[in-house]
Amino acid sequence: MTVIITSTYKPHSGKARLVLSNMKENVEAFGAMGMTCRISRIIFGPDTGSLVFSIFSENFSGAMKNAEKIFSSEIWAKIQMRLDDNPSSEIIMQPNLFRTVAGEMSATHRVINYRWYLMKRDKVVEALEMFSEVKGLCEKVDINPVMLAPVTGDPMSSLVVMYGAKSLAHAGEALDGMGMGQEMQQIVAKAATLGELYRAWITVPAD
C-alpha cells in the first residue's frame with residue numbers, strides 16, 4: 001500500500017515559475033528529512049495550469065510521521081511566512097490523504113490520466129474485480145494502472161483510477177490502441193453501472 005498526502009495549487013497570474021521554484025525547494029528540504037515528494041502539472045482538465053504537490057509513504061504510520069516532521073520543521077514555518085507575506089497561488093485542493101487499493105505507483109510512468117468516479121463503498125469489491133481486467137489490458141501497452149481511495153476530503157464515496165504512461169506520446173498511443181478498443185469500452189460501460197465518472201484530468205512531471 002502507498003499513502004499519499006497531496007494538495008493542488010493554482011498559481012496567480014505571472015507567478016507560475018515562483019510557485020514551482022518554491023515547491024522544488026520544498027521537495028529538496030523534505031527529501032533531506034527522508035521523504036519522497038513529487039510535483040506534477042495539470043495540462044488537461046478543469047484545473048489546467050495548476051501544480052500538484054504529493055508526499056508518498058509506505059503506510060499510514062509513515063504518512064503521519066512525515067506530517068509531524070513537516071509541521072514541526074523550520075521549513076514549514078518558512079512556508080507559512082511565505083504564504084502570508086507573498087501569496088503566489090490559490091489552494092484549490094487542500095492537503096488530503098489517499099491510499100492505493102490496487103496497483104502500485106511507478107517512478108517511470110508519471111504522465112498520468114486520472115478518472116475520478118463517484119461510487120458507493122459497497123461497489124468497491126466489484127470495481128476491484130474489474131481492475132484486474134483493466135490491468136491485463138494495460139500490461140499489453142505498458143500502462144501502469146493504480147486505483148486510489150480517498151481517506152480525507154470530498155467526495156468520500158469515490159474511487160480514482162490512474163493510468164500512468166512514460167510520456168505524452170506513449171499515453172496517446174495507449175489511448176488509441178487500448179482506450180478505444182472494444183474490450184476497454186466494454187469495461188468503461190460496466191464501470192458506468194457502478195458509479196458516475198465525476199472528473200478527469202492529465203498530469204505530467206514538473207520536478
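From the N terminus on, the elements of the protein chain follow the order β-α-β-β-α-α-β-β-α-β-β-α-α-β. This gives six helices and eight strands, where helices (H or I, at least four residues) and strands (E, at least two) are DSSP runs numbered from the N terminus. The model is predicted, so that local features need pLDDT of at least 70 and side-chain atom pairs count only at pLDDT 80 or more, while totals for chains, interfaces and linings use all residues. Residues are numbered from 1 along each chain as its sequence is written, and side-chain values use heavy atoms, with hydrogens and water left out.

The C-alpha atoms of the protein chain fill a box of roughly 55 × 35 × 25 Å along the principal axes. Of the 207 residues, 43% count as buried (under 20% relative accessible area, with a 1.4 Å probe and protein chains only). Among contacts (heavy atoms within 4.5 Å) between residues at least 6 apart in sequence, 80% join residues at least 24 apart.

Helix α1 (residues 16-32) and helix α3 (residues 74-85) have axes that come within 11 Å and cross at roughly 165°; axes are lines fitted to C-alpha atoms over the stretch in contact, and angles run from 0 to 180 degrees between N-to-C directions. Therefore α1 is roughly antiparallel to α3 (an angle over 145 degrees). On the α1 side, the contact is made by N22, E25, N26, A29 and F30, and on the α3 side by I75, K78, I79 and R82.

Technical notes:
Angles under 35 degrees count as roughly parallel, over 145 as roughly antiparallel, 65 to 115 as roughly perpendicular and the rest as oblique. Buried means under 20% relative accessible area, exposed over 50%, partly exposed in between (1.4 Å probe, protein chains only).
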